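Please examine the structure shown below. The explanation that follows begins at a ligand and then turns to the contact between two chains.

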Amino acid sequence: MKIAFKLAFRNLIGAGLRTGLNVIVLSFSFVVIIWAKGILVGWDHQAKNDMEQWEIGKGQFWHNQYDPYDGFTITDSHAPIPNEFKPEIEKGEMVPMLFAQGTIYPQGRMQPAMIKGIPASQNLLKIPTHKLDSVTDAIPAIIGEVMARSSHLEKGSRVVLRWRDSKGTFDATEIEIVDIFSTTVPTIDVAQVWINLETMQEKLLLPEQATLFSFANAEENRPAVGDFRLKTKKELTAEIDAMIKTKNAGQSVFYFILLLLAMLAIFDTQILSIFRRQKEIGTYVALGYTRQQVVTLFTVEGAMHAVLAAALAAVYGIPFFIWQARVGFTVPMDTSEFGMAIAPTMYPIYSVGLILSTTLIVLLTTSVVSYWPARRIAKMNPTEALRGKIQ
Amino acid sequence: MENSAIIQINQLIKRFPMGKGEFTALKGINLNFGTGEFAGLIGPSGSGKTTLLNIIGSLDTPTKGEAVVLGKSISKLSAKESAKLRKESLGFIFQSYNLLQVHTVFENVEFPLLLLDYTTLERKKMVMDALEWVGLTDKVKSKPPQLSGGECQRVAIARAMVKKPSLVLADEPTANLDAANSHNILQTMLNLNRELKTTFIFATHDEKVIGYLKRKIFLKDGLVDQEEWMNQ
Ligand SMILES: Nc1ncnc2c1ncn2[C@@H]1O[C@H](COP(=O)(O)OP(=O)(O)OP(=O)(O)O)[C@@H](O)[C@H]1O
Ligand SMILES: [Mg+2]
C-alpha cells in the first residue's frame, strides 16, 4: 500500500497538465461546497441570534391560547401578568407584550396588521421602543422597513388604526409613525405595528394584561406560571433549522452537479489511463505486481486527485474563507421580501466537522469513481496488455 | 551442460483464439534448461519466441503440456503465486523496453526492488550498481522520453538485472543498440551469469547476441527445429 501511494504520487505528478486540470476542478468543488455550507451555518447562526436579540430573548412564556398561526386565538390569548414575573420585569430581564388584531388605513386602503404593545422602557430587545415615548397628539407607533414599504408609510406618517377592545366595541384612533427600524426578523416586521404597552392595555381595556413574555434568563426548564407556558429558544427557533434544512437540500443538488463534473473528469482520466497505459500495466505485472495490486495503484492514483485537490483548496481556499468570514457575503438582491430571516450580508461559519465531512465525501466519491474503471485491470491478460492490444 | 534443471518444458502447446478458430503458436515444445545457462531462442518472426518466453515468465499459461519453472508448474500457479515468482526470481527485458515514462531512470530501475524488502540505502546501492553495469550512471535523473532508444534499452536491462534474479528472460534486448553497446551489455550479462549463476534465456535473431550464446535453440513454426551447444 505504501508503495502504491509512492508510485501513484509519481504517476500523478508525472502526468502534469491532466492531473493539474482535474485537481483544479476538484479543488474548486471543495471550496465552493465548504463555503456554501458555511454560509448556511452562518445564516442559521445569525438568524437565531437576530431572533434572540430582536424578538425572543433566551425564551418566551406564551399564553395558553396563543397560536401565532391562528389569528382568531389572539382575541382571547391574554391574562394578567403573574406576580411571579414582576420582579424580573422590574429588573428589565423580562418584557411583557400584548397582541391584538387591527386594521390600518394607509391612503384609504385597508390593511390588516398585528398590533403589539411593548414597554417603551425595555432594553432587552433591540426594537427601538424608546421612540414610543415621543410626544405627539396621536399614538406613537414604530414599524419595520418591510411594513413601511408595503403600507407606504414613512417616518411622520399618520394613519388610522381600527381595532376592537375586549368588550367587542370597535375603536378607531390615529397613530403616528415615529420611527422605522431595520431588522432581519420578519415576524416583528411584516404586518406588525408596535405601540406602547400601557397605551395598548388602556385602549383594549385590558389593564395589566399580556399575551406573552420574552425573558433574559437562560435557564432551561422554567415551569409554567398561571396561564403562561414556557417556549424555549430551541422550540422558537426550530423553524429556522427547518428552513435551513430545506435550503441545504436545495443546495445539495448543486453540490451534486459540481461533484459530478469533477468526478466525470476523473472518471474520464481513469478510463483513458487504463487504455493508454496498457503496456505500463503489463509491465507492473511482469515485474511482480498482482493485477489486484495494479487495481489498487490506479485507485489510489485516482483518489489522490482528491488529496491534491484538498491541498490546493487549502492554499487558496483558506484565505478566501477567512476573508469571507470577515467581510461576509452580500446577497446580490433584495432579501427583505423573502419572508424569512435573511440578512443582506451573511457571514459564513466553518466548523471542523463541516470541513472533515466534505473532505471525506469528496475522497470517498473520488475513490469509488477511480476504482470503478480500474476493476477492468483485474480482468486484463498481461501479455495482451504488454502488446497494447486491448480495445 | 549445467546440472540442476531450472526449467522443464514438456509437450507444451499454446493456442490463441483467432477469429472463429484457433491459432497454434507452440506445437509441442520439449526443452530443459539447467541453472546458469546462457541460451537463446532463435527463429524467424512469428515462430513463437515471445510466446514461449511469456509462458516461462508465468505471464501466460500453456494450453496443454507443462512448463515447470524453478520447481513451480506454471499452469497450476494462482495469480498471487505467479506474481511472487516474477517478483522474486524473474527479470524481464522487453522487446519494446516498457519503461515507466514519468519515472526517472533511477526510479525505473528501483521499481522491482520496491516490491521486495530492501531499505532505501540498500536500494540506492543496488540501483547504482545496475546502472554501472549498463553504463548509465550519468543519466540517473533523466526520464525515458529524454533518452535515446539504446539508452532506454539499457535502463530496461538494468531494471531486469538489478535484483539479481535467478532467471532473466530477454526478448530482443539488443534490437536498438549499436555494436559497442551490445558487446558491453552482453559482456556484463556474461559476467553476472558467471558470478551469480544467473540463467539467461534470450529471444533474438541478432547475430551479435547469437555469437555470445552457449546454447542455441532454433524455433520454427512453433517447434524446436534444431539445437546447438557451444563448447566453453
Ligand atoms: N495473443 C495472441 N493472440 C493471437 N495470436 C498471437 C498472440 N500472441 C502471439 N500470437 C501469434 O503467435 C505467433 C507467435 O508469436 P510470437 O510473438 O511468439 O512470435 P515471435 O517469434 O516472438 O516473433 P517476433 O520475432 O516477430 O517477435 C505469431 O503468429 C503471432 O501472431
Ligand atoms: Mg517476439
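**The ligand and the chains around it**

In this predicted model, a polar side-chain atom of B:T51 is placed 2.5 Å from an oxygen atom of ligand 1. A polar side-chain atom of B:S45 likewise lies 2.5 Å from an oxygen atom of the ligand, and a polar backbone atom of B:G46 is 2.9 Å from an oxygen atom of ligand 1. On its own, ligand 1 has 630 Å² of accessible area, of which the protein covers 77%.

Around ligand 1 there are 15 residues, and those that come nearest are A:E384, B:S45, B:K49, B:T50 and B:T51. Because residues from chains A and B surround ligand 1, the site is shared between chains. At least two residues of the shell come from each of α10 of chain A, β2 (21-34) of chain B and α1 (49-56) of chain B. The largest share, 3 residues, is that of α1(B). Sorted by class, the shell holds 8 polar, 4 nonpolar and 3 charged residues.

The two chains also touch one another. Chain A contributes 21 residues to this contact and chain B contributes 24 residues. Together they bury about 2000 Å², with 65% of it on carbon and sulfur atoms. There are 2 salt bridges across the interface; B:E107 forms a salt bridge with A:R10, and their closest N and O atoms are 3.2 Å apart. On the side of chain A that touches chain B, at least two residues come from each of α1 (2-15), α7 (278-286) and α10 (382-387) of chain A. Here α1(A) gives the most, with 7 residues. That side of chain A comprises 10 nonpolar, 7 polar and 4 charged residues.

How values were computed. Residues are numbered from 1 along each chain as its sequence is written. Chains are lettered from A and ligands numbered from 1 in the order in which they are written. This is a predicted model: local features need pLDDT of at least 70, side-chain atom pairs count only at pLDDT 80 or more; totals for chains, interfaces and linings use all residues. Side-chain values use heavy atoms; hydrogens and water are left out. Contact means heavy atoms within 4.5 Å. Buried area is the accessible area (1.4 Å probe) that two parts lose on being put together, summed over both. A salt bridge is a side-chain nitrogen of Lys or Arg within 4 Å of a carboxyl oxygen of Asp or Glu. Helices (H or I, at least four residues) and strands (E, at least two) are DSSP runs, numbered from the N terminus. Ala, Val, Leu, Ile, Met, Phe, Trp, Tyr, Cys and Pro count as nonpolar, Asp, Glu, Lys and Arg as charged, and the others, Gly among them, as polar. A residue is near a molecule or strand if one of its heavy atoms lies within 4 Å of it. A polar contact is a pair of N or O atoms within 3.5 Å; within protein, one must be able to donate a hydrogen and the other to accept it, and residues adjacent in sequence count only if both atoms are side-chain atoms. Accessible areas come from the Shrake-Rupley method with a 1.4 Å probe; for residues, only the protein chains shown count as cover.
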